[in-house]
Amino acid sequence: MWAELLPVGRSASSGGYRRHAWNSADAECRAWFEEQARARGLHHETDRNGNQWAWLGDPTAGDAVVTGSHLDSVPDGGAYDGPLGVVSSFAALDELRARGVEFTRPLAIANFGDEEGARFGVACVGSRLAAGLLDREAAYALRDADGVRLPDAMERAGHDPAAIGADPERLGRIGAFVELHIEQGRYLTDDQPVGVAGAIWPHGRWRFDFHGEANHAGTTRLDDRRDPMLTYATTVLAARKKARLAGALATFGKVAVEPNGTNAIASLVRGWLDSRAADEETLQQVVDAIEQAAVERGGRDGVRVVLTRESFTPVVDFDGPLRDRLAERLKAPVLPTGAGHDAGILASAVPTAMLFVRNPTGVSHSPAEHAEQADCHAGVAALADVLEDLACRPS
């Protein structure tokens with residue numbers, strides 16, 4: 001399975017992946033998922049929001065156990081973030097069948113659409129729509145860098161965007177959701193290949209618009225300029241300082257410049273801030289401090305600063321009894337995480353838990369992302385043990 005999926009959407013130049021929502025690589029990943037489902041005799045369906053499901057047992061029976069993750073990537077992302085969870089889910093099902101267990105609850109494997117938000121700027125679109133945390137009007141307003149609207153991209157890919165929206169009936173049929181994911185960080189020790197997630201830090205994305213004045217780079221005196229790039233650059237440095245002082249995280253990882261000419265002073269710089277903290281109060285204080293620094297610098301540069309919050313996820317405490325059950329079953333440590341996941345979104349409506357597979361370097365969202373094969377196998381075995389505990393009885 002891993003070998004089949006590995007080349008899909010991979011850039012020859014960077015070695016990273018460009019599996020973005022509703023593009024050709026995404027379509028290949030979706031076709032691969034369906035093939036894996038059919039090969040195992042599972043019932044495959046795509047829900048109203050573009051999420052894929054592979055069912056063993058009656059999808060309408062209720063109290064189902066669901067596992068899975070996502071197959072899309074950040075720009076030039078690694079091979080493991082998302083796909084490891086999907087591949088491991090199919091492998092865990094194969095392991096359970098090899099054990100000869102009897103399934104007492106319906107089981108499903110899911111591939112949630114547009115988890116990374118690389119194309120339209122909002123993370124976990126598929127699960128957010130299903131959980132009612134992203135409404136249809138807001139989803140319809142999303143556009144990619146080329147101006148293509150989300151519903152138009154879905155339609156071009158063969159999915160009807162008219163149906164998107166909250167799906168409480170489907171989520172109401174799920175009794176538990178367990179997502180396996182590569183660890184994003186280095187909390188797991190040498191003798192612990194698998195961990196259990198405790199909670200997800202609150203996090204969000206904010207767009208800073210720095211409005212200046214376009215002018216000639218070769219003729220405009222420095223004192224006559226209203227250069228938004230200066231304000232943006234100072235804000236990037238301020239973000240690092242404010243986050244460090246608060247024990248939080250802040251990253252400007254995406255920027256757009258207009259008119260984007262080498263010999264032109266920019267008229268507009270847009271910078272996207274990703275910020276995360278252990279609690280919501282600290283997170284808000286950090287973002288407020290970054291905004292204040294931007295506005296103050298903009299006042300000196302003759303630049304107007306506008307801040308827009310594009311997405312926000314509050315702190316997620318995974319279901320306590322389910323989390324503790326997994327940790328006890330696996331004798332695994334409970335870890336914090338600053339990364340968002342579909343499991344975190346679904347936690348508002350479904351009992352959820354997460355497993356982490358050790359990442360020896362801690363690198364993620366990069367072609368250097370890696371997990372050892374033995375650890376991946378340990379993750380499959382752990383997921384199979386969990387699913388057996390939740391959905392099966394020994395034969």
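Leaving aside neighbours within four places in sequence, which residues is Trp 32 in contact with? The answer is Met 1, Glu 4, Leu 5, Leu 71, Val 86, Val 87 and Phe 90. Keep in mind that this is a predicted model.

Let's stay with the core. The largest nonpolar core has 51 residues. Trp 32, Phe 33, Phe 90, Leu 326 and Leu 355 touch the most other members. Helix H12, residues 373-391, gives the most to this core, with 9 residues. There is also a second, separate core of 22 residues. Trp 53, Ala 110, Phe 177 and Ile 200 are among its members.

In general, side chains of opposite charge can pair when their charged atoms come close. A search of the whole structure gives 26 salt bridges.

Start with Arg 99 and Asp 385, which form a salt bridge at 2.9 Å, N to O. Arg 99 lies in helix H3, residues 83-99, and Asp 385 in helix H12, so the pair ties together parts that are 286 residues apart in sequence. Arg 99 is partly exposed, at 28% relative accessibility. Asp 385 is also partly exposed, at 22%.

Next, Asp 389 and Arg 325. Their side chains meet in a salt bridge at 2.8 Å, N to O. Here H12 is tied to helix H10, residues 320-330, because Asp 389 sits in H12 and Arg 325 in H10. The two parts are 64 residues apart in sequence. Asp 389 is partly exposed, with a relative accessible area of 26%. Arg 325 is partly exposed too, at 38%.

Arg 105 forms a salt bridge with Asp 63, with the closest N and O atoms 2.9 Å apart. Arg 105 is in the loop between strands E4 and E5, and Asp 63 in the loop between E2 and E3, so parts 42 residues apart in sequence are tied together. Is Arg 105 buried or exposed? It is buried, with a relative accessible area of 18%. Asp 63, at 45% relative accessibility, counts as partly exposed.

Asp 63 also stands out in its backbone. Its phi is near 55°, a positive value in a residue other than glycine. Most residues other than glycine have a negative phi, and most peptide bonds are trans. Trp 22 has a positive phi as well, near 65°. Trp 22 is in the loop between helix H1, residues 2-5, and helix H2, residues 24-39. Trp 22 counts as buried, at 13% relative accessibility.

For the peptide bond, look at Glu 258 and Pro 259. A cis bond joins them, with omega about 0°. Pro 259 is in the loop between E10 and strand E11, residues 264-265. Glu 258 also belongs to the salt-bridge network I promised, together with Arg 207, Asp 209, Arg 270 and Glu 310.

Which residues lie nearest the centre of the second largest pocket? They are Phe 120, Arg 143, Arg 207, Trp 272 and Glu 310. This pocket has a volume of about 590 Å³, and 23 residues line it. Strand E13 gives the largest share of that lining, 5 residues. By class, the lining has 11 nonpolar, 3 polar and 9 charged residues.

Now the largest pocket. Its volume is about 1,300 Å³. It is lined by 47 residues, with Val 74, Arg 205, Asp 274, Arg 276 and His 365 nearest its centre. E8, E10, E12 and E13 are among the elements that give two or more residues to the lining. The lining divides into 17 nonpolar, 19 polar and 11 charged residues.

Last, the closed spaces. How many cavities of 30 Å³ or more are there? The count is 2. Trp 22 is one of its lining residues, along with others including Arg 30, Asp 114 and Met 154. Helix H4 gives the most to this lining, with 3 residues. The second largest cavity is about 30 Å³. Leu 5, one of the contacts of Trp 32, is among the residues that line this second cavity.

That's my tour. Over to you.

Technical notes:
Residues are numbered from 1 along each chain as its sequence is written. This is a predicted model: local features need pLDDT of at least 70, side-chain atom pairs count only at pLDDT 80 or more; totals for chains, interfaces and linings use all residues. Side-chain values use heavy atoms; hydrogens and water are left out. On a 1 Å grid over the protein atoms alone, a cavity is a set of points where a 1.4 Å probe fits but cannot get out, and a pocket is an open set with protein on both sides within 12 Å along at least five of seven lines; lining residues have an atom within 4 Å of a point. Grid points are joined across faces, edges and corners, and a volume is the space filled by probe spheres set on the points. Helices (H or I, at least four residues) and strands (E, at least two) are DSSP runs, numbered from the N terminus. Ala, Val, Leu, Ile, Met, Phe, Trp, Tyr, Cys and Pro count as nonpolar, Asp, Glu, Lys and Arg as charged, and the others, Gly among them, as polar. Buried means under 20% relative accessible area, exposed over 50%, partly exposed in between (1.4 Å probe, protein chains only). A nonpolar core is a set of buried Ala, Val, Leu, Ile, Met, Phe, Trp, Tyr and Cys residues joined through side-chain atoms within 4.5 Å. Contact means heavy atoms within 4.5 Å. A salt bridge is a side-chain nitrogen of Lys or Arg within 4 Å of a carboxyl oxygen of Asp or Glu.
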